[in-house]
Amino acid sequence: MHKKDLDIISGLKSGFEKAYEQLFFDYYPQLTVFAKIYVQDIEMAKEIVQTVFVRIFEKRRTISIATSIKSYLYQSVKNECLNFIRHEKIHHEHIGQIKQLAENDFVEWSDKMLETELEHKIFQLINNLPEKCRKVFNMSRFEGKKNQEIAEILKISKRTVETQISKALKILRKELL
């Protein structure tokens, strides 16, 4: 690892804002272009790169980088892009299912309208869940991850995962009834 990388990592761990700023200004533009290759949308690419930098800032005191900072950043952005693509794929599958229902002669117009409004409301409610609760719920319901897997990824207990899912379902039930 280069001395510059070691200095930046040391600065991050010590809480020096300049180290974080240096990292951001050195890599943000090129990482945004890199992310755009995956997501095909510059605004989404910017958002993804910003998410990676926010995570680095949040974990700055405990960050562990075995490779170069550049490799770490590119891998982090790639992973975040792939997560976004997976989420979009699931979202499009749901939209495809709704479109298929719309083409079905058995479904009446009012039913289709109500279903669309209900799905929209559900997605809004999910997006309004507390961040940790929303993240756990999305991983469980939309990414198909098991509770233990979610716990390991988020470094929380399996019981916390179960509690967050239960909390999300309770909020959704309350708001939908």
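Reply: Gladly! Two packed helices are described by the angle between their axes and the distance between the axes. Here the axes of helix H7 (residues 147–154) and helix H8 (residues 158–176) come within 8 Å and cross at roughly 110 degrees. H7 is therefore roughly perpendicular to H8 (65 to 115 degrees counts as such). Axes are lines fitted to C-alpha atoms, for helices over the stretch in contact, with angles from 0 to 180 degrees between N-to-C directions. Helices are DSSP runs (H or I) of at least four residues, numbered from the N terminus.

Me: What should I know about the model and its numbering?

Reply: This is a predicted model, where local features need pLDDT of at least 70 and side-chain atom pairs pLDDT 80 or more, while totals for chains, interfaces and linings use all residues. Residues are numbered from 1 along each chain as its sequence is written, and side-chain values use heavy atoms, without hydrogens and water.

Me: Which residues in H7 meet H8?

Reply: Asn147, Gln148, Ile150 and Ala151 do, against Lys158, Val161, Glu162 and Ile165 in H8. Contact means heavy atoms within 4.5 Å.

Me: How do I read a nonpolar core?

Reply: In soluble globular proteins, nonpolar side chains tend to be buried together. A core joins buried Ala, Val, Leu, Ile, Met, Phe, Trp, Tyr and Cys residues through side-chain atoms within 4.5 Å; buried means under 20% relative accessible area (1.4 Å probe, protein chains only). The largest one here has 23 residues, with Leu23 and Leu73 among those with the most contacts inside it. H2 gives the most to this core, eight residues.

Definitions and conventions:
Buried means under 20% relative accessible area, exposed over 50%, partly exposed in between (1.4 Å probe, protein chains only). Helices (H or I, at least four residues) and strands (E, at least two) are DSSP runs, numbered from the N terminus. Angles under 35 degrees count as roughly parallel, over 145 as roughly antiparallel, 65 to 115 as roughly perpendicular and the rest as oblique.
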